[in-house]
Amino acid sequence: MKSKFALSFLILFAGLTFSQPNEELAKNIEQLNKIYSEAMINNDIKTMMSLYTNDVLSLPSYQPMIRGIETLRNLSEQIENSEWKTTSFDMKTIDLIPAGDFIIEIGNYKMKMSAPEVPEWSDEGKYMTVWQEQEDGNLKIRVEMWNTDLNPWLESRT
């Protein structure tokens with residue numbers, strides 16, 4: 001009987017111990033996503049790039065893989081200097097999977113973009129972000145991947 005009680009107590013204690021860091025982790029990533037979303041809407045490349053590791057890998061829809069912060073910065077600046085503007089960008093975390101110094105975030109996004117003489121364009125889809133804990137304890141994006149739920153070939157038929 002004592003061993004069952006001890007085992008139950010150990011399981012309960014372990015659950016309480018691990019649930020707190022996960023709640024803090026979720027709040028931290030939610031805050032980082034809010035910073036990212038605001039930077040995207042404001043075309044704030046400096047803030048966006050501060051959220052990435054130097055050796056970032058970005059795997060966007062319909063584009064080749066992007067390797068390294070400088071390549072990502074250059075492409076982001078091209079978008080910033082184009083006529084396309086992000087008018088809204090919302091991210092919703094669905095799952096967090098801790099894995100050592102990495103946190104895998106799975107989520108959904110919704111966004112709207114506009115350009116002169118183009119109707120507002122909406123997109124929604126899913127994403128995966130691999131956050132890496134840095135030596136100072138901060139999290140930065142090491143790998144990101146996203147793709148749309150909207151099929152452009154079906155959209156072009158209407």
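Reply: Aromatic pairs

The count comes to 4 aromatic pairs, where rings of Phe, Tyr and Trp (its six-membered ring) pair if their centres lie within 6.5 Å, and planes under 30 degrees apart are stacked, over 60 edge-to-face and the rest tilted. The model is predicted, so local features need pLDDT of at least 70 and side-chain atom pairs 80 or more, while totals for chains, interfaces and linings use all residues. Residues are numbered from 1 along each chain as its sequence is written, and side-chain values use heavy atoms, leaving out hydrogens and water.

One of the pairs joins tyrosine 36 and tyrosine 52: with 6.3 Å between the ring centres and 70 degrees between the planes, the pair is edge-to-face. Because tyrosine 36 belongs to helix H1 (residues 2–41) and tyrosine 52 to strand E1 (residues 52–59), the pair ties together parts that are 16 residues apart in sequence. Helices (H or I, at least four residues) and strands (E, at least two) are DSSP runs numbered from the N terminus. Tyrosine 36 is buried at 12% relative accessibility, and tyrosine 52 is buried at 3%; buried means under 20% relative accessible area, exposed over 50%, and partly exposed in between (1.4 Å probe, protein chains only).

Tryptophan 84 and tryptophan 121 form another edge-to-face pair, 6.5 Å centre to centre with 75 degrees between the planes. Tryptophan 84 sits in the loop between helix H3 (69–80) and strand E3 (85–99), and tryptophan 121 in strand E5, so this pair ties together parts that are 37 residues apart in sequence. Tryptophan 84 is partly exposed, at 34% relative accessible area, and tryptophan 121 is partly exposed at 39%.

Returning to the tyrosines, Tyr36 and Tyr52 belong to one aromatic cluster with Phe89 and Tyr109.
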